[in-house]
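Subject: Structure handover

Hello,

Here is the structure I promised you. Please open it alongside this email, and my notes follow below.

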Amino acid sequence: MSSLKLLVVEDDVSLLELMEELLTSFGAEVKTLSDSRQALDLVNREKYHGIFTDLKMPYVDGFEFARQVRKSSWNNTTPIVIISGREDKKTMEEAFAVGGTFFLNKPVDRRKLAALYKTVRGSMVESQRRMARLSLRTEVVCQLESQTIRGTSANISMDGILFNPGCSLQLGKAVRLSFRLPGRNDTISATGMITRVDDKQRVGVRFTNLDVKDRQRIRELLADDEA
């Protein structure tokens, strides 16, 4: 499995450098930014396995940043570590309410950061597995309002599927999909949202509702590919 891809957003340059050094030493690929506006642009264009964000920042504070991450197509399920010097219950409750997954209290030192990383790494690895894509060619039946469209898939992940419907489809539309996995006769049914349309008219659909058994079948297929 490849390195975890992490984003750290912190306007304290010395802390930013410490976090980059330590997280990189654990084998992670780390992107650091001190400007939360640039970070917001990035989370809408790239997928990360884990995001660390300070609460008190100029321009866009950590609460709003986390809220926007949860609205993004790429990182809406990515674990978010909230970093703050405030330890009161109200702050922590609000941080979790806007999408925070873990809480890291300042001052941050090597020991504290290392201990937290060992705790959160499992969640980030699971995020990485959801991101992993496997080439897959299978027929996809797409129901869009009153239309039934048939296409062929290009790849699949835990979070969604990329397929070519042979026609132009609109971003943001809700769809219902059905398809089969290699070596199985049962059909997987899912609802999703169109989050990507590329210049080849391939359509990326993020699953919004997928049966637990069907999700496990996709997980097993990806695991077999890793093996």
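Which residues lie nearest the centre of the largest pocket? They are Ser73, Trp74, Arg133, Asp159 and Thr195, out of 16 residues that line the pocket. Please keep in mind that this is a predicted model.

**The pocket**

The largest pocket holds about 350 Å³ of space. Four elements, α5 (110-131), β9, β11 and β12, each supply at least two lining residues.

**The cores**

The largest nonpolar core has 25 residues. Ile156, Leu177, Phe179 and Ile218 have the most contacts inside it. Seven elements are listed as giving two or more residues to this core: β7 (139-144), β8 (147-156), β9 (160-164), β10 (174-180), β11 (187-197), β12 (203-210) and α6 (212-226). β12 gives the most, with four residues. There is also a second, separate core of 24 residues. Leu23, Val81, Tyr117 and Val125 are among its members. As background, nonpolar side chains tend to be buried together in soluble globular proteins.

**Phe179 and its partner**

Take a look at Phe179. Beyond its neighbours within four places in sequence, Phe179 is in contact with Thr138, Glu139, Val140, Ile156, Ile161, Thr187, Ile188 and Phe207. The structure holds three aromatic pairs. One of them is formed by Phe179 and Phe207, and this pair is stacked. The ring centres are 6.4 Å apart, with 15° between the planes. The pair links distant parts of the chain: Phe179 sits in strand β10 and Phe207 in strand β12, 28 residues apart. Both residues are buried.

**Tyr48**

Is Tyr48 buried or exposed? Tyr48 is in the loop between α2 (36-43) and β3 (50-54). Its relative accessible area is 1%, so Tyr48 counts as buried, the cut-off being under 20%. Leaving aside neighbours within four places in sequence, Tyr48 is in contact with Lys5, Leu6, Leu7, Lys31, Leu42, Asn75, Thr78 and Ser127. Val197 is 149 residues from Tyr48 in sequence. In space, the two are 20 Å apart, C-alpha to C-alpha.

Best wishes

Conventions. Residues are numbered from 1 along each chain as its sequence is written. This is a predicted model: local features need pLDDT of at least 70, side-chain atom pairs count only at pLDDT 80 or more; totals for chains, interfaces and linings use all residues. Side-chain values use heavy atoms; hydrogens and water are left out. A nonpolar core is a set of buried Ala, Val, Leu, Ile, Met, Phe, Trp, Tyr and Cys residues joined through side-chain atoms within 4.5 Å. Buried means under 20% relative accessible area, exposed over 50%, partly exposed in between (1.4 Å probe, protein chains only). Contact means heavy atoms within 4.5 Å. On a 1 Å grid over the protein atoms alone, a cavity is a set of points where a 1.4 Å probe fits but cannot get out, and a pocket is an open set with protein on both sides within 12 Å along at least five of seven lines; lining residues have an atom within 4 Å of a point. Grid points are joined across faces, edges and corners, and a volume is the space filled by probe spheres set on the points. Rings of Phe, Tyr and Trp (its six-membered ring) pair if their centres lie within 6.5 Å; planes under 30 degrees apart count as stacked, over 60 as edge-to-face and the rest as tilted.
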